[in-house]
Amino acid sequence: MRQVNLAMSKTCLRCTKEFDESTVEDPSSQKYPSCPECWKEWTTYAVMVMNEMRLDMSLPEHRKALKKYEKGFFEKTIGEIEKNPENK
Ligand SMILES: [Zn+2]
């Protein structure tokens, strides 16, 4: 077990891997600490969700729906959300 705590090092919420914060390019990924790989995975997944659910990001209700998926993706409860997409 390493005890070295580098200032730039963060633990990814999704894969629990440590990553260097300075490698993160998208500032919106800081809400859920995620390594660049997981964040990239999320953006790909988000596009899929938007297409499948025909989400319009100009509508607050639709943005809220995507937020739910975002939370589920990083907190690893996405399976439950996919089973009940209408469950608000
Ligand atoms: Zn990760």
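Which exposed residues does the face of H2 turned away from its buried side carry? In this predicted model, that face of H2 carries Pro60, Glu61, Lys64, Lys67 and Glu75, while the buried residues of the helix are Tyr69, Phe73 and Phe74.

**Helix H2**

- The 16 residues of H2 should span 22 Å at 1.5 Å a residue, and this agrees with its end C-alpha atoms, which are 22 Å apart.
- Tyr69, Phe73 and Phe74 are the buried residues of H2, and because they cover an arc of only 125° around the axis, they lie on the same side of the helix.
- These buried residues of H2 pack against H1 and also against helix H3, which runs over residues 78-83.
- After H2 comes Lys76, a residue whose phi is positive, near 60°.

**The largest nonpolar core**

- The largest nonpolar core has 9 residues in all, namely Phe19, Cys35, Cys38, Trp39, Trp42, Val49, Tyr69, Phe73 and Phe74.
- Helix H1, covering 36-52, and helix H2, covering 60-75, each supply at least two residues of this core, and H1 gives the most to it, with 4 residues.
- In soluble globular proteins, nonpolar side chains tend to be buried together.

**Contacts of Phe19**

- Phe19, a member of the largest nonpolar core, is in contact with Lys10, Cys12, Cys35 and Pro36 when its neighbours within four places in sequence are left aside.
- Among these contacts of Phe19 is Cys35, which also belongs to the largest nonpolar core.

Notes:
Residues numbered from 1 in each chain as written. Predicted model: local features only at pLDDT ≥ 70, side-chain atom pairs only at ≥ 80, totals over all residues. Core = buried A, V, L, I, M, F, W, Y, C linked by C-beta atoms within 7 Å. Buried ≥ 20, exposed ≤ 12 C-beta atoms within 10 Å, placed from the backbone. Contact = placed C-beta atoms within 7 Å. Expected span 1.5 Å × (residues − 1). Arc of directions from axis to C-beta.
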